[in-house]
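Here is a short tour of one protein model. Keep the sequence and the 3D view open as you read.

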Amino acid sequence: MTAPENIQRARVSRRTLLGASAGGVLLGGALAGAMPTTALAAPAPRCYTRTEWSARPPKSATQVIGKPDHIVIHHTASPNVTDYSLAAAYSVQHWIQDLHMDTNGWIDIGNQLTISRGGFLMEGRSKSLSAINNGQNVLGAQTANQNSHTIGIEHEGIYVTENVTVALFDMSVLTCAWLCTKYGLDPHVAIVGHRDYNTTQCPGDVFYARLPELRDRVAAVLLG
């Protein structure tokens, strides 16, 4: 299967917005800046549900909480596979869930969303998709001591020295634009890397260096 159809239809411009910067990110639960009033509503990208990828049930009830003020970008630190199929996306999602539940001892997969190297977006923790659609969030286990106010996106692969795939980055843009629309967030404030909160290499030096571009491209989507 090729990259998801919504990426094919909605390839966003790679132009950089003048005057934008990676600075000014407010952490530690501070209220993120509101989305500009001129922003457009970004459509929801195709998200494969837990039923579709055959998720294991959580060990205990999932807690639905209020909307997040930050979107945390992660990488899975798994191999940079060249199988970009939907089946491969499902496989890595099972690997993440098994790792989080069986090794980490968590009730379920820790993150709310996952994007594969082929650009497929998948629901993570139980009830994540319905919560997002209702302007809410679920309590995850993706950023230590910050889960009460953040939503996490896992990106398949390890990006310490290698770059992300085009399909993955494009889907990250569309996903973050959708989340910023749902939660009324300013991408230049709301989008952060895992290392901005915790001592970790995540999401890798290469991907982290591209977060300013990610913010700019999300803003471009919101401005039309």
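## A leucine in the core

L214 is found in helix α7, which covers residues 211-223. The model is predicted. Is L214 buried or exposed? L214 is buried, and its relative accessible area is 0%. The cut-off for buried is under 20%.

Which residues does L214 touch, leaving out those up to four places away in sequence? They are I73, F169, S172, V173, C176 and I191. Take I191 as an example. L214 and I191 are 23 residues apart in sequence, yet 8.3 Å apart in space, C-alpha to C-alpha.

## The sheet

Strands of a sheet pair through backbone hydrogen bonds, either parallel or antiparallel.

β1 and β5 run parallel and are joined by 2 bridges. C47 has L121 in β5 as its bridge partner.

## A buried strand

Now look at β3, which spans residues 70-75. How many of its residues are buried? The count is 6 of the 6, so β3 is largely enclosed by the rest of the structure. Both of its faces are covered. H70, V72 and H74 lie on one side, while I71, I73 and H75 lie on the other.

β3 also has partners in the sheet. With β7, β3 pairs in the parallel sense over 6 bridges. I71 has I151 in β7 as its bridge partner. With β8, β3 also runs parallel, and 3 bridges join these two strands. Here I73 stands opposite G193. I73 is also one of the residues that L214 touches.

## Two helices

α2 (86-103) has 18 residues. From its first C-alpha to its last, α2 reaches 25 Å, close to the 26 Å expected at 1.5 Å a residue. An α-helix has 3.6 residues a turn, so residues three or four places apart point the same way. Keep that in mind as you find the buried residues of α2. They are L86, A88, A89, Y90, V92, Q93, I96, Q97, H100 and M101. What covers them? The cover includes the strands β1 (47-48), β4 (113-115), β5 (121-123) and β7 (150-155). After the helix comes G105, whose phi is positive, near 80°.

α4 takes up residues 166-183. Its 18 residues should span 26 Å at 1.5 Å a residue, and its end C-alpha atoms are 26 Å apart, which agrees. In α4, 15 of the 18 residues are buried, so this helix is largely enclosed by the rest of the structure. G184 follows α4, and its phi is positive, near 65°.

## The largest pocket

Rolling a probe the size of a water molecule over the atoms shows where empty space is left. The largest pocket has a volume of about 230 Å³. How many residues line it? There are 19, and H75, T76, H100, E154 and C202 lie nearest its centre.

The largest share, 4 residues, comes from α2. By type, the lining divides into 7 nonpolar, 11 polar and 1 charged.

Most residues other than glycine have a negative phi, and most peptide bonds are trans.

The peptide bond from C202 to P203 is cis, with omega near 10°. P203 sits in the loop between β8 and α6 (205-209). C202 is one of the residues nearest the centre of the largest pocket.

S54 is not a glycine, yet its phi is positive, about 60°. S54 belongs to the loop between β1 and β2 (64-65). S54 is partly exposed, with a relative accessible area of 49%. K127 also has a positive phi, near 75°, and is a residue other than glycine. K127 lies in the loop between β5 and α3 (128-133). K127 is partly exposed, with a relative accessible area of 42%.

Conventions:
Residues numbered from 1 in each chain as written. Predicted model: local features only at pLDDT ≥ 70, side-chain atom pairs only at ≥ 80, totals over all residues. Heavy atoms only, no water. 1 Å grid on protein atoms, 1.4 Å probe; cavity = no way out; pocket = protein on both sides within 12 Å on 5 of 7 lines; lining within 4 Å. Points joined across faces, edges and corners; volume = space filled by probe spheres on them. Nonpolar A, V, L, I, M, F, W, Y, C, P; charged D, E, K, R; others polar. Expected span 1.5 Å × (residues − 1). Buried < 20%, exposed > 50% of the residue type's maximum accessible area, 1.4 Å probe, protein only. Contact = heavy atoms within 4.5 Å. Pairing = 2+ DSSP bridges.
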